[in-house]
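Biologist: Take me through this one term by term. I will ask what each label rests on.

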Amino acid sequence: MPQKRAVVVTDDAVGPLHLQTLLDGLAETGIETASITVKSGEASKRLEVLAEVTDRLLEMAVERRTSVIALGGGVVGDLAGFAAAELKLRRDFKYPPYRHLIQHLFRGPNPEKLAFYAEQWARLVEKTLGDRVELRGPT
């Protein structure tokens, strides 16, 4: 494992049977562990459950090199794999929750004035915030 840390995602059918054995085995090799348990079955294959798993991974400060282990069948594997992949992509592309996004919309009847004020705004933001901001646009 690239990092001596792992989060195990399991369900309430497999977890009671095998989770502690897995956690004990990982601990014996010096790997720090945590776990997330979801309800078993296809009913857990919902965006709300995915959001809960993702939120828990964020609360646990899962990093790129933290292993996310699926202990169980299809739904658990789908949830754990998708959540881990989504967080990695968000980190790589600097999307929330790793960065904040704002959309600033300039509207008006004169396109030249809009372009001028948008450029001035962008310069001011970059001057004020420096490396803490990355401007993308206009779109």
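Modeller: Start with the pocket. On a 1 Å grid over the protein atoms alone, a pocket is an open set of points with protein on both sides within 12 Å along at least five of seven lines, whereas a cavity is a set where a 1.4 Å probe fits but cannot get out; lining residues have an atom within 4 Å of a point. Points are joined across faces, edges and corners, and the volume is the space filled by probe spheres set on them. By that count the largest pocket has a volume of about 990 Å³.

Biologist: What are the ground rules for the model?

Modeller: This is a predicted model, where local features need pLDDT of at least 70, side-chain atom pairs count only at pLDDT 80 or more, and totals for chains, interfaces and linings use all residues. Residues are numbered from 1 along each chain as its sequence is written, and side-chain values use heavy atoms, with hydrogens and water left out.

Biologist: Which residues of the lining lie nearest the centre of the largest pocket?

Modeller: Ile102, Trp121, Leu135, Arg136 and Gly137, out of 25 lining residues. By class, the lining has 14 nonpolar, 5 polar and 6 charged residues. Ala, Val, Leu, Ile, Met, Phe, Trp, Tyr, Cys and Pro count as nonpolar, Asp, Glu, Lys and Arg as charged, and the others, Gly among them, as polar.

Biologist: Why is strand 1 called largely enclosed?

Modeller: Buried means under 20% relative accessible area, exposed over 50%, partly exposed in between (1.4 Å probe, protein chains only). In strand 1 (residues 5-11), 7 of the 7 residues are buried, so the rest of the structure largely encloses it. Both faces are covered: Arg5, Val7, Val9 and Asp11 on one side, Ala6, Val8 and Thr10 on the other. Strands here are DSSP runs of E, at least two residues; helices are runs of H or I, at least four; both are numbered from the N terminus.

Biologist: What makes strand 1 and strand 2 a pair?

Modeller: Pairing needs at least two DSSP bridges between two strands. Strand 1 and strand 2 (residues 32-38) have 7, and run parallel. Arg5 has Glu32 as its partner in strand 2. The chain passes from strand 1 through helix 1 (residues 15-28) to strand 2, a right-handed β-α-β crossover. Right-handed means that, with the strands pointing away from the viewer, the path from the first strand over the helix to the second runs clockwise. On strand 3 (residues 67-71), 5 bridges join it to strand 1, also parallel. Val8 partners Ser35 in strand 2 and Ile69 in strand 3.

Biologist: Why are Phe106 and Trp121 called edge-to-face?

Modeller: Rings of Phe, Tyr and Trp (its six-membered ring) pair if their centres lie within 6.5 Å; planes under 30 degrees apart count as stacked, over 60 as edge-to-face and the rest as tilted. The search finds 3 aromatic pairs. For Phe106 and Trp121 the centres are 5.9 Å apart and the planes at 70 degrees, so the pair is edge-to-face. Phe106 is in the loop between helix 3 (74-92) and helix 4 (111-129), and Trp121 is in helix 4, 15 residues apart. Phe116 and Tyr117 are also edge-to-face, at 5.3 Å and 75 degrees.

Biologist: Is Phe106 buried, exposed or partly exposed?

Modeller: Phe106 has 27% relative accessibility, so it counts as partly exposed.

Biologist: What makes the backbone at Pro97 and Ala61 stand out?

Modeller: Most residues other than glycine have a negative phi, and most peptide bonds are trans. The bond from Pro96 to Pro97 is cis, with omega near 10 degrees. Ala61 has a positive phi, near 55 degrees.
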